[in-house]
Amino acid sequence: MELAPHKEIKEMARSLLKTSSMSIRTKLLHKTGVSLYDTSHGFHEEVVKKKLQQFPGGSVDLQREDSGIGILTLNNPSKMNAFSGVMMLQLLERVIELESWTEGKGLIVRGAKSTFSSGSDLNAVKALGTPEDGVAMSMFMQNTLTRLMRLPLVSVALVQGRAMGGGAEVTTACDFRLMTRESEIRFVHKEMGIVPSWGGAARLVNIIGNREALKVLTGALKLDSKKALDIGMVEEVLQSSDETESLEEAQEWLKQFIKGPPEVIRALKRSVSSGKELCLEEALQNERDLLGTLWGGPANLEAIARRAKFNK
């Protein structure tokens, strides 16, 4: 007879633990500034930053338009926009800026001078040659690109020229990808004797499925613009390959998804992120919470007033 109350208490504790852990995971997904790895994982960010600071070159530039579109440019054209250590640091800094841009609705990620990015600068790769260095860099870039992916902005990678290695991985951190006709996306990691380490493999599977991802990663499938379009890696192939004109095309393409108040667009992106990364129950709870931030708000009341006027 005494077992029943004890069993009930255990069930109650299990339920509370489940609810608590769901709440924590949901908060982690959407709390600004939260990364995948910290010291509990053996990751010491400041140590990694000091190492990366030793490899200068290039920049990551951010331009914020009045339209609510941010333009993030990988700028190291003498090395096909390869990521130097300093550029990796600057990418994190730009993502942090975007996390606090409450008026933002969309983001275009591109490379300078009509090419996207050739991945990591080999000078940094050679100098950081131990497995420990490689894993630390991997954790740093996974942190950054996960935060980029979770931004409450509708994001698109504009691929001109080549997106290779780490550059190809960066494209997968965006919601969409657009390519110019002559461009290509190449996961060349196998040729370098490694695997993708910035989260690109996991994200690629989500984009095109495990079978196509395996073909792409093993090098059996080359992603020129036609093939990328055929397998669903990109949304469209742009008409122009000119740097200025293709950027204008990408902006016009993105605008169809960001019409409306920033708070609504940002909440919609957060709800999709929840559906992608959380289990169904957690995603539903988060959807409910997001609704609570909008229901009865200015955009909602204005829309109701417009509809009421139209229906008279």
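Tutor: Let's start with a term: a residue counts as buried when its relative accessible area is under 20%. Keep in mind that this is a predicted model.

Student: Which residues of α11 are buried?

Tutor: In α11, the buried ones are Ile265, Arg266, Ala267, Lys269, Arg270, Ser273 and Ser274. The helix itself runs over residues 262-277 and reaches 22 Å from its first C-alpha to its last.

Student: What does Ile265 belong to? Let me hear about the cores.

Tutor: Begin with the largest nonpolar core, where Phe140, Ile185 and Met233 touch the most other members of the 51 residues. A second, separate core of 15 residues includes Ile265, along with Val154, Val156 and Leu238.

Student: Where does lysine 105 lie?

Tutor: Look in the loop between α3 (85-99) and β3 (106-111). Lysine 105 touches residues including Val154, Ile258 and Ile265. Lysine 105 is buried and has no salt bridge, with glutamate 263, the nearest side chain of opposite charge, 8.5 Å away. A polar atom of its side chain does lie 2.9 Å from the backbone oxygen of isoleucine 258.

Student: How do I read a salt bridge within a helix?

Tutor: An α-helix has 3.6 residues a turn, so residues three or four places apart point the same way. Here, glutamate 252 and lysine 255 are 3 residues apart in helix α10, and their closest N and O atoms are 3.2 Å apart in a salt bridge.

Student: Is glutamate 252 buried or exposed?

Tutor: Glutamate 252 is exposed, with a relative accessible area of 52%, whereas lysine 255 is partly exposed at 33%.

Definitions and conventions: Residues are numbered from 1 along each chain as its sequence is written. This is a predicted model: local features need pLDDT of at least 70, side-chain atom pairs count only at pLDDT 80 or more; totals for chains, interfaces and linings use all residues. Side-chain values use heavy atoms; hydrogens and water are left out. Helices (H or I, at least four residues) and strands (E, at least two) are DSSP runs, numbered from the N terminus. The expected span of a helix is 1.5 Å times one less than its number of residues. Buried means under 20% relative accessible area, exposed over 50%, partly exposed in between (1.4 Å probe, protein chains only). Lys and Arg count as positive and Asp and Glu as negative; His and the chain ends are not counted. A salt bridge is a side-chain nitrogen of Lys or Arg within 4 Å of a carboxyl oxygen of Asp or Glu. A polar contact is a pair of N or O atoms within 3.5 Å; within protein, one must be able to donate a hydrogen and the other to accept it, and residues adjacent in sequence count only if both atoms are side-chain atoms. Contact means heavy atoms within 4.5 Å. A nonpolar core is a set of buried Ala, Val, Leu, Ile, Met, Phe, Trp, Tyr and Cys residues joined through side-chain atoms within 4.5 Å.
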